[in-house]
Amino acid sequence: MTLQPNDARWLTAAARLALRGRPASRPNPAVGAILVKDGIVIGRGWTQPGGRPHAEAIALGRAGAEARGATAYVTLEPCAHRSDRGPACADLLADAGVARVVIGSEDPDPRTAGSGLARLRDAGVSAELIELAAARESLAGYLTRARRGRPHVTLKLALSLDGKIALPSGESRWITGEAARAHVHSRRALADGILVGGGTWRADRPRLDVRLRGLESRSPLPVVLTALAIDGVRTIAAPEDIAGLQDMLYLYVEGGAQTAAAFLAADLVDRLDIYRAPILVGEGISGIADIRLGDLAEAHGRWKLVERRGLGTDSYEAFARVR
């Protein structure tokens, strides 16, 4: 395998492009593809709603005849199986005459795993797998479902500087400012489902939708963690029951303290999205209840900072679970 200087750069760009496919591509993975020739992008694509056409097909369609001799950067190994919905992407790339394919992550689907690479190489295409972190992150829901049998879980917390989510009375509007709340809605728009605890549902009846102009249709499906049935709302009795949410690749968990603790104690949180406002609450409701931590040493080495930014007067930090 001989990597070229800009391979990681182009694959990272393809991974960012893949976000445009979420969550409309479910239950298929949101894949990004970029075709580059002589340092110029000649085609790009991402997985379309419902999973077809695939990213490679879109990119090749835009490149046309210019695809011959180009390098294709694809976040996930091109599929090797034909279906009623379209041809195998490995065949499309080979037939288009691309010279090289650089792949960000191997496909765990047994119909493709390794076969997409092999089919390209058998057709005379230089195909290279580099397992780029940005590509795997863009496919986190698909990979988590394949490897762990459940959706990828993001736990969102909006906190004061001293870790509170509300006053002792329960008043919590608003801990963070408008910019942070808008960012939360952009994160909701990337999820298939959004979950709150039964107590939060009964007390607040939150809307759990996306209220950003143009993204209203991206509102995730509501789920409530409760042992009680709720008319018209999907419920699960325990955090482990998320394995049964078969139509979801990404689950966004929002509230409240007991629900956050339950998911953390079960080690089902893959990403923490923490919004922090520059305020002090003092005696109030903590963002996370008891997670049954027996030894402080167990808390270290579990989380890695992956993103940080300011949002108005607030701050945002994202942490990935180290597994």
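Author: Buried means under 20% relative accessible area, exposed over 50% and partly exposed in between, with a 1.4 Å probe and protein chains only. This is a predicted model, in which local features need pLDDT of at least 70, side-chain atom pairs count only at pLDDT 80 or more, and totals for chains, interfaces and linings use all residues. Residues are numbered from 1 along each chain as its sequence is written, and side-chain values use heavy atoms, with hydrogens and water left out.

Reader: Is Tyr316 buried or exposed?

Author: The relative accessible area of Tyr316 is 1%. The limit for burial is under 20%, so Tyr316 is buried.

Reader: How are the rings of Tyr275 and Tyr316 arranged: stacked, edge-to-face or tilted?

Author: Rings of Phe, Tyr and Trp (its six-membered ring) pair if their centres lie within 6.5 Å; planes under 30 degrees apart count as stacked, over 60 as edge-to-face and the rest as tilted. The structure holds two aromatic pairs. For Tyr275 and Tyr316 the centres are 4.8 Å apart and the planes stand at 35°, so the pair is tilted.

Reader: Which strands does this pair of Tyr275 and Tyr316 tie together?

Author: Strands (E, at least two residues) and helices (H or I, at least four) are DSSP runs, numbered from the N terminus. The pair joins parts that are 41 residues apart in sequence, because Tyr275 lies in strand S12 (residues 271-276) and Tyr316 in strand S15 (residues 314-321).

Reader: Over which ring does the charged end of Arg62 sit?

Author: A charge sits over a ring if NZ of Lys or CZ of Arg is within 6 Å of the ring centre and within 35 degrees of the ring normal. Arg9 lies over the face of Trp10, at 4.5 Å from the ring centre. For Arg62, at 5.5 Å from the centre, the ring is that of Trp46.

Reader: What separates the C-alpha atoms of Ser160 and Ser286?

Author: Ser160 lies in the loop between strand S6 (152-159) and strand S7 (164-166), and is buried at a relative accessible area of 0%. Ser160 and Ser286 are 126 residues apart along the chain, and their C-alpha atoms are separated by 9.4 Å.
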